[in-house]
Amino acid sequence: MHNLVSLFIEQIKETTWVQWLALILGVAEVLLARVNNIWLYPTGILGTSIAIYLLLDVGLYAESILNGYYVVMSIYGWIYWIKKKNEPPVKISWQTKNEWIISITICVAGWVFFYVLLKNLPAKYFTPSNVPVWDALISSTAWAGMWLLARRKIENWVFLNISNLFAIPILFYKHLPMFALLTIFLFIVAVFGYFEWRKKVVKVVRYT
């Protein structure tokens with residue numbers, strides 16, 4: 001236990017100002033999202049762009065691609081928010097059978113795609129990933145979670161937290177303690193998000 005604490009303290013000391021900036025922007029994005037503030041999008045785009053640079057630097061290529069997807073979705077969400085902000089949101093609900101099939105397919109197909117991609121990256125241009133299995137798993141489950149989040153399905157929190165759970169030790173292993181702490185924060189937020197959404201659905205069912 002003492003060795004783990006010492007390692008963590010050492011990683012904190014080695015944390016660059018760029019990593020601190022990414023952490024601050026990541027926390028700000030979550031807090032802005034919680035109060036439904038449109039500034040969550042430019043904040044998220046900047047923070048995620050920094051994350052892509054840092055993840056590429058340590059060889060987490062699948063997570064870099066995942067964060068590229070987050071940037072694209074943030075730009076889309078920003079535009080969509082401006083156009084549709086006065087319309088009622090999509091209702092929260094449980095996944096249907098077909099949606100379960102699609103989300104599981106995204107996980108499995110995404111894992112295979114990212115794993116094969118990471119194993120076959122040309123060494124001439126990329127440093128080979130030494131955690132292709134976990135990098136691919138983290139990204140594929142997050143892809144499924146983001147798809148479900150867009151559709152306002154409660155299970156999005158489950159898929160996102162599977163991704164978070166595997167990402168935390170990998171980020172510490174890659175000497176990105178600030179990202180690991182941010183992911184722990186996101187894990188906690190997702191736990192509360194799941195129960196808050198579940199409560200809303202139960203309340204609607206009870207009064208219909």
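Tutor: A residue is called buried when its relative accessible area is under 20%, exposed when that value is over 50%, and partly exposed in between, using a 1.4 Å probe and protein chains only. By that rule, buried residues make up 40% of the 208 residues in the protein chain. This is a predicted model, in which local features need pLDDT of at least 70 and side-chain atom pairs count only at pLDDT 80 or more, while totals for chains, interfaces and linings use all residues. Residues are numbered from 1 along each chain as its sequence is written, and side-chain values use heavy atoms, with hydrogens and water left out.

The protein chain has eight helices and zero strands, where helices (H or I, at least four residues) and strands (E, at least two) are DSSP runs numbered from the N terminus. If contact is taken to mean heavy atoms within 4.5 Å, residues 24 or more positions apart account for 72% of the chain's contacts with a separation of 6 or more.

The part to look at closely is the pairing of helix α5 (residues 97-119) with helix α6 (residues 132-150), whose axes come within 8 Å and cross at roughly 150 degrees. Those axes are lines fitted to C-alpha atoms, for helices over the stretch in contact, and the angles run from 0 to 180 degrees between N-to-C directions. The crossing of α5 past α6 is right-handed, a term used when the near helix is turned clockwise from the far one by less than a right angle.

On the α5 side, the residues that meet α6 include E99, S103, C107, G110, F114 and L118, and these six are also the buried residues of α5. Their partners in α6 include P132, A136, S140, W143 and W147. The residues of this contact divide into 15 nonpolar, five polar and three charged, with Ala, Val, Leu, Ile, Met, Phe, Trp, Tyr, Cys and Pro counted as nonpolar, Asp, Glu, Lys and Arg as charged, and the others, Gly among them, as polar. An α-helix has 3.6 residues a turn, so residues three or four places apart point the same way.

As for its length, α5 has 23 residues and reaches 33 Å from its first C-alpha to its last, close to the 33 Å expected at 1.5 Å a residue, the expected span being 1.5 Å times one less than the number of residues.
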